[in-house]
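Reader: I'd like to learn how to read salt bridges in a model. Could you walk me through them?

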Amino acid sequence: MTDHARAALELLRDSGQFKWYVIPLLLVVVYVYATEVERRNWNVLFAGLALWGMDWFNEIWNSLVFHATGRAPVWGATGPTAYQILIGLNIEICFMFAIMGVAAAKMLPPKEVRILGLPNRPVLIALNSAAAVGVEVLLNKAGVLTWDWSWWHAGFPYLIWLIGYVPFFVACFFVHDLPTVRAKAIAVGAILGVDALALAVFGALGWL
């Protein structure tokens, strides 16, 4: 087991790490979604939930990599936290991703708008993912987001971009553009349902 993995594991679901700032952060997340409900802006609300659900999916398989290898997760969260949920996910990261999809969806132009002559959705997926990878590189340099596998590092960021973030924004924009509220709810329900089932099964097995 790497030193980084051991440091993250020591924080895992330790309630003694609780900090009071988590309560106002939770209220910020609730406010963000309540605002979209008030405005009946279902495109943005479900888009935000879709991205959040995709992050949970990634965090679950990341934890399973650690369980299977016994060496390290693909990424680990080792910095100070109010609560470490999974080996690569703390409560602050969770709240951040809950808001990220809302922010990305609110900045979406109409589908017919083109960027440099290209359809805007693929361009914005690529750009948003690249920006997120840039933030991860800074967090890694700060020592609070750790990478211990040779194929997942700042010198070779392509997998971080392709696997770590592109699916987030694909799901976010796909759900945003679905034609009906029912279709959006079904898509988000499927994503969160898979997450919940995986958490229940693998959590009961002690793999997370």
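Reader: Which residue forms a salt bridge with Glu-36?

Author: Keep in mind that this is a predicted model. The general idea is to look for a side-chain nitrogen of Lys or Arg within 4 Å of a carboxyl oxygen of Asp or Glu. Here the partner of Glu-36 is Lys-106, and their closest N and O atoms are 3.0 Å apart. This pair links distant parts of the chain, 70 residues apart: Glu-36 sits in helix H2 (residues 22–38) and Lys-106 in helix H4 (residues 91–106).

Reader: Is Glu-36 buried or exposed?

Author: Buried means under 20% relative accessible area. Glu-36 has 2%, so it counts as buried. Lys-106, at 43%, is partly exposed.

Reader: How many salt bridges are there by this rule?

Author: The count is 3. Another one joins Arg-121 and Asp-177, with N to O at 2.8 Å. It too ties distant parts of the chain together: Arg-121 belongs to helix H5 (residues 120–141), Asp-177 to helix H6 (residues 158–177), and 56 residues separate them. Arg-121 is buried at 12% relative accessible area, while Asp-177 is partly exposed at 25%.

Reader: And what about Arg-6 and Asp-3, where do they lie?

Author: Both are in helix H1 (residues 3–11), 3 residues apart, which means about one helical turn separates them. For accessibility, Asp-3 is exposed at 61%, and Arg-6 is partly exposed at 36%.

Definitions and conventions: Residues numbered from 1 in each chain as written. Predicted model: local features only at pLDDT ≥ 70, side-chain atom pairs only at ≥ 80, totals over all residues. Heavy atoms only, no water. Helix = DSSP H or I, 4+ residues; strand = E, 2+ residues; numbered from the N terminus. Buried < 20%, exposed > 50% of the residue type's maximum accessible area, 1.4 Å probe, protein only.
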